[in-house]
Amino acid sequence: MNVLLSPQPPFFPHQHEPSRRSPPRIMSQHTMASRKRKADDDDNEMSISPTGSPAINSRQLSRPSKKVRAGIELAGRPLSLPRLLETLDKSQLRAVLQTICERHPGIGHEVMVSAPRPSVNGALEVLGEYQDKLRAAIPFGNSSSEYTYFRVKQPLMALVDALGDFTPQFLPPVEQQTTVSLEYLNHATKIIHDLPDFDSQQYRHHKDGAYDEISRAWALVITEAAKRGGGFHLHNGKWDQVLAKHNQQSGGKLEQAMNAMVNEVGWVGANSNAHGQGSSSDPNSILNQLINGTYGAPVQVGPF
């Protein structure tokens, strides 16, 4: 009998045999410690190195780009007003402001109303600048009066004009404080003393005119001070002695101021009024002592 046998796959005995495995290695403690140290070192390098940080790798380091003004082309243009004013010095700024005020009187009036009043120190600082220019123009060595005058004429006239402009600012009724007026007049008179002396009379009229104007200013302030407490401020500040020294240094050109001191202030003119009209001839009168600059000097008693 024919028997049908199902085909069977070929038999490969080696596929069903267990695979041979190499015996496990037994690592020594030294080898394990070395591998552990190496792994720790790798972790440290990953944490220290910026390239190993995943947070930094996720973003790229790039330089900040400059902001470019959109829609503005690079081209030359003038400075803005605030920047332009920063480049001007005091004299340039003063010239620009003066020009604007002359062109627009309304702006000039606004500046005069808004600007603070000048102080004595501020006025003296400006006068000092004119004085420095005058000194710089004086020639060295011995020069004739004519040559010296024409060298210093322009700065001399500028200084005298500035004195004439500043003095009324410190006189009543503009200046109400007598001490401020007297302080300015004291320094202004010193400036006049320092004006050059010329041999020729025709060149001395600038200084003589300045003495005349400052003498009238002294007289006005003294008259106003006499109305307030009988001239207490004059006595307290010893302004009678200050004026007497100025008059002596000027060669008696402050006579009008000296007369105001005697006539308006009672404690100065009491002695002269007690002797009537002829008291001014007494060399020991207060008026003559003020004029001669001997008022307040020690009095000698006895035959010495």
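Reader: At roughly what angle do the axes of α8 and α9 cross?
Author: This is a predicted model: local features need pLDDT of at least 70, side-chain atom pairs count only at pLDDT 80 or more, and totals for chains, interfaces and linings use all residues. Residues are numbered from 1 along each chain as its sequence is written, and side-chain values use heavy atoms, without hydrogens and water. Axes are lines fitted to C-alpha atoms, for helices over the stretch in contact, with angles from 0 to 180 degrees between N-to-C directions; helices are DSSP runs (H or I, at least four residues), numbered from the N terminus. The axes of α8 and α9 come within 10 Å and cross at roughly 165 degrees.

Reader: Are α8 and α9 roughly parallel or antiparallel?
Author: Angles under 35 degrees count as roughly parallel, over 145 as roughly antiparallel, 65 to 115 as roughly perpendicular and the rest as oblique. The axes cross at roughly 165 degrees. Therefore α8 and α9 are roughly antiparallel.

Reader: How many charged residues are in the contact of α8 with α9?
Author: Contact means heavy atoms within 4.5 Å. Among the residues that meet are L182, L185 and N186 in α8 and A217, W218 and V221 in α9. By class, the contact has 11 nonpolar residues, five polar ones and, for charged (Asp, Glu, Lys and Arg), one.

Reader: Is S215 buried or exposed?
Author: S215 is found in α9. Leaving out residues up to four places away in sequence, S215 touches K253, L254, E255, Q256 and A257. Buried means under 20% relative accessible area, exposed over 50%, partly exposed in between (1.4 Å probe, protein chains only). At 2% relative accessible area, S215 is buried.

Reader: Is α4 roughly parallel or oblique to α5?
Author: The axes of α4 (residues 90–103) and α5 (residues 105–114) come within 5 Å and cross at roughly 125 degrees. That makes their arrangement oblique.

Technical notes
Helix = DSSP H or I, 4+ residues; strand = E, 2+ residues; numbered from the N terminus.
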